[in-house]
Amino acid sequence: NAQYTPDVMFRLAELYFERSEAEAEVAREAYRQDIERISKAYDEQVRLFKEKKITVEPKEPDYPQPPRKRFERTIELTQRIINKFPRFQVLDGVYYILGYCLVEQAEEKEAVEVFNELVRKYPRSKFVAEAWMRLGEQFFESGKLKEAIDAYTRMLGFTDHILFDKALYKLAWSYYRDDDFHSAIKFFADLLDLSDKMSAEKGEAGSDMRKETIDYMAISFGEERWPCN
């Protein structure tokens, strides 16, 4: 049913998402306990070896890999909604949760494709700012600095967004990594101005990234790669 089925499927996808998050939290706690147990056992063996109570020096243990979040059911349902119900009234939200789940499962290429579709098809969506931010993060982490700069620059139009200060910081940092120190300093300075404005208006400490911003500005000014002219 074109009217009711996608609503039910989307709610089911959200429920699977919530269950996956809960399962991931249980897995993280079990992992933490395993690491703690293995570390304590290793430390005890090291102590015994140093006190010459055992003769074989203990080897560094092979720690287990941290658990990964799994969102297969949510991914499956959101993909079905996109394919079967292209006129669903909140399809932008479907794209967003699909992209988010793909990122969490380390399926970066697929996530980039989904977020690109979101910003292309729904430029006025409330999820667009976060989609650009997540695209920037994916490009930044993979070393695609030009693409990261483009994505973070799109965030400059969302000055009231909660992630705006982080977007400024990552934009400046992307320019720094791309050896464009003039642009890096400009956006670091813009973030400092924003932080001071936030502090004056709200009576709070301003942006959490203020200290790092000052540090990176100083590093940028001292860069040996700074162009002579």
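**Exercise 1.** Determine how the length of helix H9 (residues 210-221) relates to the span expected at 1.5 Å a residue.

*Solution.* Helices are DSSP runs of H or I with at least four residues, numbered from the N terminus. H9 has 12 residues.

The model is predicted: local features need pLDDT of at least 70, side-chain atom pairs count only at pLDDT 80 or more, and totals for chains, interfaces and linings use all residues. Residues are numbered from 1 along each chain as its sequence is written, and side-chain values use heavy atoms, leaving out hydrogens and water.

**Exercise 2.** Identify the buried residues of H9 and what they pack against.

*Solution.* Buried means under 20% relative accessible area and exposed over 50%, with partly exposed in between (1.4 Å probe, protein chains only). Thr213, Met217 and Ser220 are buried in H9. They cover an arc (of the directions from the helix axis to the C-beta atoms) of only 65°, which puts them on the same side of H9. Their packing partners are helix H7 (164-177) and helix H8 (181-202). The face turned away from the buried side carries the exposed residues Lys211 and Ala218.

**Exercise 3.** Describe the two sides of helix H4 (residues 108-121).

*Solution.* Ala111, Val112, Val114, Phe115, Leu118 and Val119 are buried in H4. Their arc around the axis is only 165°, which puts them on the same side of H4. On the other side, Lys109 and Arg120 are exposed.

Methods
The expected span of a helix is 1.5 Å times one less than its number of residues. Contact means heavy atoms within 4.5 Å.
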